[in-house]
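Here's a quick tour of a model, written for someone who likes cut-offs spelled out. Have the viewer open and follow along.

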Amino acid sequence: MKTYDSEDRYIKDLDDGKREIALSTDDIHVSYGTHEAIHGVSLAFERFKITALIGASGSGKSTYLRSLNRMNDNIAGTKVTGKIMYRGLDVNSNEVDVYEMRKHIGMVFQQPNPFAKSIYDNITFALQRHGEKRKDVLDETVETTLKQAGLWEQVKDDLHQSALALSGGQAQRLCIARAIAMKPDILLLDEPAAVLDPISTATLEETLMELKERYTIIIVTHNMQQAGRISDYTAFFHLGNALEYDETRKIFTRPKIQATEDYVSGHFG
Amino acid sequence: MNNDEIRANLLKRSRASRNERFGKLISGACITIIIAVVVSIFYFVASKGLATFFEDKVNLWKFLTGTIWNPSAKDAQGNPQVGALPMIVGSFSVTFLAAIIATPFAIGAAVFMTEISPRLGKKVLQPVIELLVGIPSVVYGFIGLSVVVPFVRHTFGGSGFGILSGTFVLFVMILPTVTSMTVDALKSVPRAYREASLALGATRWQTIYKVVLRASTSGIITAVVFGMSRAFGEALAVQMVIGNAMLLPQNLISPASTLTSVLTMGMGNSVMGSLSNNALWSLALLLLIMPLIFNILIRWIGKKGAMR
Amino acid sequence: MTPRKWDKIATFVLYMISIFIIFVLAFLLLYILISGLPNVSWHFITSKSSSFQAGGGIGVQLFNSVYLLVLAMIISVPLSLGAGIWLSEYAPKNWITSLIRNAIEILSSLPSVVVGLFGFLVFSINMKFGFSILSGALALTVFNLPLLTRKVEDSLQAIHYTQREAGYALGLSRWETVIHVVVPAALPGIITGMILGMGRIFGEAAALIYTAGQSSPSLDFSNWNPLYIASPLNPMRSAETLAVHIWKINSEGIIPDATQVSAASSAVLVLFVLLLNFLARYVGNRLYARLTGVKERN
């Protein structure tokens, strides 16, 4: 692999008072045991926009994403330092309740992971646990979220069938419906299309474009065309650092950093 | 919800976080109870079993090698007669003999199930073995009493009660355990080994004998030791057919006894705290320690196997 | 002799061994059923046993076995679930955890007679429960816990980590994710293990001889108040189970029809255990199908 100067960076500072920031990180470091995987990443994410995190395997983009809603907490030996600011609070501190925070910062994973429950229960289960018992509200949520996720027409007659019988693309859209049922502010998506076929991927992208009217979306993707098609901003990750962060249009047409240019043009590695 | 409300909620301890604390507490309590049980088994059995040596001043060596078990009487020198050797010999005899007979059968059945006919193995032999495991030990004892003992009596003479009958009963009892563990050991041999051997022109039996069995030796030994541990601790089935004579066994068809059989027969007939009672607890302590030794042996074999 | 000939001989021998094992099981089952079932009647399984004459039944013993089984499961199921969850979800990766795992493995390798003696010493004598159903149920719990715990842990571990992440990402605690997501998904395995554990408990005698005792007081089957002294449900009464009964009439040999009674009791015992075995398979497969919408377990 070609080596690049990791000090050579261009990070656009979005937090300039001109726009609304939904989430920002300040000097995030993530380490597993003695190995540091993320070496200080500071990015700000604009509200109601889609931000794509791109980079090669092992660049740390997924690890960074997973630290945003503290999913790394559950992996023994993982340590995350730095600030993650959400609504003026540092969610990476003990004063913020991690479970409450995850209701506002939802996540969809690479592998579709519906619960071994019915489609209906997949969406309503967490809501019920969080205290929502009204049947009409739950019914309503199931319908609206499935519609938003583009799955309603296909499953509206099978709501009480097992979700495990769904195809990969359907299951992933169910997971999106399940995540937005929590009415989050921010949706984190960790390569949501990685295991989907091209048609499912296209449907998923349409869904995301519609969702950004209501949610701030941060998506990790391997697929540069995908990042180019759907995202407003793009961050390029390399070996645990964010080397370039800018409007997607600029990243793909006039990158400021050599590494980014090599990656987006396919001359990487 | 407005911003202030959301902030306030984020700073409160949520329902989920209280729930998490509750769950940790409950599951932690459950595991603590189990650990407490294990510790107290060792504590109580050891404190009773060691009393023979510390309070009644019985010599440990004499206990292990003495051949006369008559705790209520004293010998000519005034020493208590608590020689456990007859039972120790009895226990080890039935254990080893049962393992010696069971091993070839277990290996044979396991090879059949993994190498010769996996289909028949899965459809027929597997359920048969699971059912054999499920039969309660008193039922084995009863069949031993009504089938094996008369058979031994007619074939070999004597009363029919004794180590031989105990061996036959234990053989059937440990066979399923040893077989299924051997199956696991054989299954863990990579398929490539077999293919390589067959490709070199070896017959199926040569492949099994020279490759598969060699590669899984430590797993097979582990299975056998595990079966021995089972056999050593089995109480009622053995007690019903062994004859319960506390004599050093002279041959395989004379009545004998094992640690477990003496315990099941004797514990109800002695007074707590008396020497004869304490001596029984010493036998129980032996019975408690043996699985540990078998356990250590299994691990040691496992490590050896892994190193190769 | 040529290798090919050896191959033939070996294959033949292996077939013979397998047939022999099947023959042993068939013999055992047929022997028990043929010698036992003719003596099994409604009268036999409902009437009281006799101490000296022929013609006694096993009604009380059967009731005791079932009652002890139920009590032991009531205690051991929640305990093993909690302990299994701790091991699978909360256990940190350190030496304490590996010590705990070793302790549980040692507990599972202890002979049941040692467990019975421990129960005798601690429950019957130190805690002054005497020869009672309570002592027996506790001893059976000790006997049953390690295997159930391991089964629970294994079943939970078999559920993919992504299921847990799904729960965490929705703001659920680890505990509620386990209880409401992972345990239901692992239920086929857990239930199968529990039912097989029930079979083990039902046939267990060595752990009960000195805890639940070897006799039963005369019972008044019209009074079900557990606090009443002669009530069948009184947990402080002694209770001879079916398995203990088989052992006792064979080793004491006082009743003249001991062989018939043991054969019939063995038949009942074995049928019950077989039933539990089939139930375990059936329920496991059904639950799995219900849960996943998949027809066959493969």
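## Ground rules

Buried means under 20% relative accessible area, exposed means over 50%, and partly exposed is in between (1.4 Å probe, protein chains only). This is a predicted model, where local features need pLDDT of at least 70, side-chain atom pairs count only at pLDDT 80 or more, and totals for chains, interfaces and linings use all residues. Side-chain values use heavy atoms, with hydrogens and water left out, residues are numbered from 1 along each chain as its sequence is written, and chains are lettered from A and ligands numbered from 1 in the order in which they are written.

Most residues other than glycine have a negative phi, and most peptide bonds are trans. Arg70(A) has a positive phi, near 60°. Look for Arg70(A) in the loop between helix H1 (61–68) and strand E6 (78–86) of chain A; helices (H or I, at least four residues) and strands (E, at least two) are DSSP runs, numbered from the N terminus. With a relative accessibility of 11%, Arg70(A) counts as buried.

Lys57(B) also isn't a glycine, and its phi is positive at about 55°. Its loop lies between helix H2 (15–54) and helix H3 (60–65) of chain B. Lys57(B) counts as exposed, at 65% relative accessibility.

Strand E12 (residues 241–247) of chain A is mostly covered, with 7 of its 7 residues buried. Strands pair if DSSP finds at least two bridges between them. Strand E11 (residues 233–238) of chain A runs antiparallel to E12(A), with 6 bridges joining them, and Thr234(A) has Asp246(A) as its bridge partner. The hairpin of these strands has 2 residues between them, and Leu239(A) takes a positive phi near 50° there.

Strand E1 (residues 10–11) of chain A runs parallel to E12(A), joined by 2 bridges. Here Tyr10(A) has Glu244(A) as its bridge partner. The ring of Tyr10(A) also has the charged end of Lys256(A) sitting over it, 4.4 Å from the ring centre; that label needs NZ of Lys or CZ of Arg within 6 Å of the ring centre and within 35 degrees of the ring normal.

## Where A meets B

The contact (heavy atoms within 4.5 Å) takes 13 residues from chain A and 15 residues from chain B. About 1,300 Å² is buried between chain A and chain B, with carbon and sulfur atoms giving 59%. Buried area here is the accessible area (1.4 Å probe) that two parts lose on being put together, summed over both. On the chain A side, Arg87(A), Leu89(A) and Tyr99(A) lose the most area to chain B, together 42% of what that side buries.

In the model, residues 88–112 of chain B are 100% helix and 0% strand, with end C-alpha atoms 36 Å apart. For chain C, the UniProt list (unreviewed entry) includes 129–148, a span that is 80% helix and 0% strand in the model.

There are 27 aromatic pairs over all chains. Rings of Phe, Tyr and Trp (its six-membered ring) pair if their centres lie within 6.5 Å; planes under 30 degrees apart count as stacked, over 60 as edge-to-face and the rest as tilted. Phe221(C) and Trp224(C) have ring centres 5.9 Å apart and planes at 70°, so they are edge-to-face. Ring pairs also link Tyr43(B), Phe44(B), Phe118(C) and Phe123(C) into a cluster.

Conventions:
UniProt positions renumbered as here; feature names shortened; annotations may be inferred.
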